[in-house]
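Take a look at the model below.

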Amino acid sequence: MNRRDLLKAFVGGAASVGFVNLTGTTLLADDAKNTNEPININANEGKGMKYDNDFFYKDGVFQQDKAFQAYYEMFEEMNYSIADSLRSNPNFWVADFGLGDFAHVGMGGIFFFNDKEFRYFGHDIYLLPGQMIPEHRHEAAEGLPAKHEAWQVRHGSIYNFSFGGEKTPQVLAMLPKSQLDANAISCYNYKYMTVGDQDRLGELCAPHFMMAGSEGAVVTEYACYHSMDGLKFTNPKAHP
């Protein structure tokens, strides 16, 4: 079942693609992490990543079971507790967003809450080493304001990208070629976040995304109601 179907089926429940800080403002407790740092990411050399796109696709079709396998392996390597209920939870999903580059662009997640009436949302985000969530923004939809969100890193690390920043060789080298070639990235400003770090959306409706560090990442997202209708990707080929 894909994310859009899960959103429809999960009454009082969940959905999201959640992500990063959107301004240059200091929002982290540790200001030292609020600056661009040297990056050395190879998506196929992280502790939890041993697969390329050949592993995730068969005859051009995304193999969800292979994606789940990769995330379970990452959880074990980062000592993230995997209860049997996680493996069997029907709200645990994986997505390549129709982009055919899951080794570099995609995510997994589990829905906890997405309550339209009371406007709250809870979600865990899973990213393989070096894996990027497609750049996106949230707009007002379904008669509600644009989604506002915040994140807390539970395991691993992320690069939290927000609007602006310089297209330096250092930053360009870390971003997936498939998204650069598609002109699907406008955010080059980032914060590096590790376990325990927290950040939040700085400006509504602005583009943003996050990308995992070399060990992958588990990130908890807190937000108001998430509408799939309000989710807009920079890459026109991307879809939930």
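**A lysine and its partners**

The side chains of Lys147 and His226 make a polar contact of 3.0 Å. A polar contact here is a pair of N or O atoms within 3.5 Å; within protein, one must be able to donate a hydrogen and the other to accept it, and residues adjacent in sequence count only if both atoms are side-chain atoms. This is a predicted model, in which local features need pLDDT of at least 70 and side-chain atom pairs count only at pLDDT 80 or more, while totals for chains, interfaces and linings use all residues. Residues are numbered from 1 along each chain as its sequence is written, and side-chain values use heavy atoms, with hydrogens and water left out.

Lys147 has another partner. Its side chain also meets that of Glu221, at 2.7 Å. Where does Lys147 lie? Lys147 sits in the loop between strand 6 (136–138) and strand 7 (149–162). Strands (E, at least two residues) and helices (H or I, at least four) are DSSP runs, numbered from the N terminus. Is Lys147 buried or exposed? Lys147 counts as buried because its relative accessibility is 3%. The cut-offs are these: buried means under 20% relative accessible area, exposed means over 50%, and partly exposed lies in between (1.4 Å probe, protein chains only).

**Strand 10 and its neighbours**

Now turn to strand 10, residues 208–223. Of its 16 residues, 13 are buried, so the strand is mostly covered. Strand 7 runs antiparallel to strand 10, and twelve bridges join them. Two strands pair if DSSP finds at least two bridges between them.

His208 belongs to strand 10. Its relative accessibility is 1%, so His208 counts as buried. Its side chain makes a polar contact of 3.2 Å with the side chain of Glu149. The His208 side chain also reaches the backbone oxygen of Ala206, at 2.9 Å. Ile185 is 23 residues away from His208 along the chain, yet their C-alpha atoms are separated by 8.9 Å.

**A strand covered on both faces**

Strand 3 (residues 92–95) is covered on both faces. Phe92 and Val94 are buried on one side, and Trp93 and Ala95 are buried on the other. Strand 3 pairs with strand 4 (residues 107–115) in the antiparallel sense, over four bridges. In strand 4, Met107 is the bridge partner of Ala95.

**The whole chain**

Of its 240 residues, 55% count as buried. Among contacts between residues at least 6 apart in sequence, 79% join residues at least 24 apart. A contact means heavy atoms within 4.5 Å. The accessible surface comes to about 10600 Å², and 49% of that belongs to carbon and sulfur atoms. These areas come from the Shrake-Rupley method with a 1.4 Å probe; for residues, only the protein chains shown count as cover.

Last, the cysteines. A disulfide is a covalent bond between the sulfur atoms of two cysteines. How many disulfides are there? The count is zero, where a disulfide is a pair of cysteine sulfur atoms within 2.5 Å. Cys205 counts as partly exposed because its relative accessibility is 37%. Cys224 is partly exposed too, with a relative accessible area of 23%.
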